[in-house]
Amino acid sequence: MKLLKIIAVAVMLICITLACVSCKKNKEDAPVAGQTTERFDYSAVENYSEYVSIDKSVYENVKIELEDKFTVDDKQVEEYIDYLLLQKRTVKNNGAKITGEAIKRGDTAYIFYRGVMLDANGEEKEFEGGSNMSDASPYALSIGSGSFIDGFEDGLIGIVPSETSPENMIKLDLKFPSDYDSAELAGKDVTFYVYVSWIVQYELPEYNEKFITETMKFTATTQDVVTEHKLYLKNTLEKSFADSKSQEIEAAIWEELYEKAEILKYPDSEVEYFYNAYYKDVEEAMTYYNYTGGYGFTDVAVFARWYLGLDENGDWQSVLKEQARLAVKQTLIYHAVAQQCGITVSDADFEAVITEAIENAKQAGKEYSREEIIAQLGEAAIREGELYEKVVAYIKERATITYKPVEEK
């Protein structure tokens, strides 16, 4: 989990949802039980130039270049349809273990695999996390789910499980995508050796009017149900892509501001507040992983290093502290921008946020009054979140955004 990479987008969610935290005492620099941290009062700062050095030319002239990957084409619509069909598949043969028939799309293959890469001497060497050969049970891979890298699942289609064995494994020569989340593996050639223990067969539905109206519960307004549904799916994808584009633009803005804004001093109490909050997040994540995955972590430090992708001696507290400083840096920056540009949150802005929250809750089947929303989120947090949104909107409106062709993976 690369937490530092998502702060630019997600930190305000933390501001809104987290209250002052208390955590159990831990031998490695844990917050003290019962401890609370008084929040820094951003609204009381008369001149943010004491905290932040940033010129208007920086945030009023942000230049962003993105890959042009936000246009939906027919191929993507068809891939979305394939995904929907896979979600609605039905099991065959009462889920019996099949070994004598070829794997097809939609089946679940129970596999053992071993991934290797060539070392400096040209010898095959296993890489960390690339093998499950020592596991007691095979991995259940839904063919067509896209769970593994490109080519892996397609390479299993047509394979008969009984024709494979630990001594006669399928060889798949593949390549990790260039944007793979492990820098050591990204863009590298890899060979997987795969043994298929058995498959469970599934029947994929046909994409037709019956599937659309009965299974997907889509109400058409024209006679051409299939065409109308495809247009609906395209619009759905376009909205999702628009949200992704907005998030990428926002993240790019913050990368620019982090680099060019100078923090003259940090309010220590606010850094401590965020550190405590992130520490509690780690504790709660450990509880979640233990409960849902049966991991059995008992030491927060051991879990935190695993959770943050560090080695066994990694300084996980420093990661959380740096994360806390980054959160405070962001908050100081947008307050400084707001002060320089005269951006404020009016009572009308505040009420609009409350109204939207009430409507969103209704759509989720819940009823909340104005007072309940304010009690849950806190008036200060609501105003803080709205100020952040207004500052980001101000910068986006003035940013220069260009697009380049998508790089081949």
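This is a predicted model: local features need pLDDT of at least 70, side-chain atom pairs count only at pLDDT 80 or more; totals for chains, interfaces and linings use all residues.

Biologist: Thanks! What does the chain come to overall?

Modeller: Its secondary structure comes to twelve helices and eleven strands. The C-alpha trace spans about 75 × 60 × 45 Å along its principal axes. Buried residues make up 40% of the 409 residues. Among contacts between residues at least 6 apart in sequence, 72% join residues at least 24 apart.

Biologist: Why are strands E4 and E8 called paired?

Modeller: Pairing takes at least two bridges between two strands. E4 (residues 108–118) and E8 (residues 189–200) have nine, in the antiparallel sense, so by that cut-off they pair. One place to look is Arg-114, whose bridge partner in E8 is Tyr-193.

Biologist: Which other strands join these two?

Modeller: On E8, strand E7 (residues 170–175) is joined through six bridges and runs antiparallel to it; Leu-174 stands opposite Val-190 there. On E4, strand E5 (residues 124–131) is joined by four bridges, again antiparallel, and Arg-114 has Ser-131 as its bridge partner in E5.

Biologist: What lies between E4 and E5 in their hairpin?

Modeller: Five residues separate the strands, and Gly-122 takes a positive phi near 80° in this hairpin.

Biologist: What makes you call E4 and E8 mostly covered?

Modeller: It comes from counting buried residues. In E8, eleven of twelve residues are buried, and in E4 the count is eight of eleven.

Biologist: Now the loop between E5 and E6, where Asn-132 is found. How do you know whether Asn-132 is buried or exposed?

Modeller: The cut-off for buried is under 20% relative accessible area. Asn-132 has 3%, so this residue is buried.

Biologist: What surrounds Asn-132, and what does its side chain reach?

Modeller: Leaving aside neighbours within four places in sequence, Asn-132 is in contact with Ile-111, Phe-112, Tyr-113, Ser-137, Pro-138 and Tyr-139. Its side chain reaches the backbone oxygen of Ile-111 at 3.2 Å. A polar contact needs a pair of N or O atoms within 3.5 Å, and the distance of 3.2 Å meets that limit.

Biologist: Finally, helix H9. How do you know that its length fits a helix?

Modeller: H9 (residues 316–341) has 26 residues, and at 1.5 Å a residue they should span 38 Å; the end C-alpha atoms are 38 Å apart, so the two agree.

Biologist: How many of its residues are buried, and what comes just after H9?

Modeller: In H9, 20 of the 26 residues are buried, which puts the helix among the mostly covered elements. Just after H9 comes Gly-342, with a positive phi of about 70°.

Biologist: And how much surface does the protein chain have?

Modeller: Its accessible surface comes to about 23300 Å², and 47% of that belongs to carbon and sulfur atoms.

Methods. Residues are numbered from 1 along each chain as its sequence is written. Side-chain values use heavy atoms; hydrogens and water are left out. Buried means under 20% relative accessible area, exposed over 50%, partly exposed in between (1.4 Å probe, protein chains only). The expected span of a helix is 1.5 Å times one less than its number of residues. Contact means heavy atoms within 4.5 Å. Accessible areas come from the Shrake-Rupley method with a 1.4 Å probe; for residues, only the protein chains shown count as cover. A polar contact is a pair of N or O atoms within 3.5 Å; within protein, one must be able to donate a hydrogen and the other to accept it, and residues adjacent in sequence count only if both atoms are side-chain atoms.
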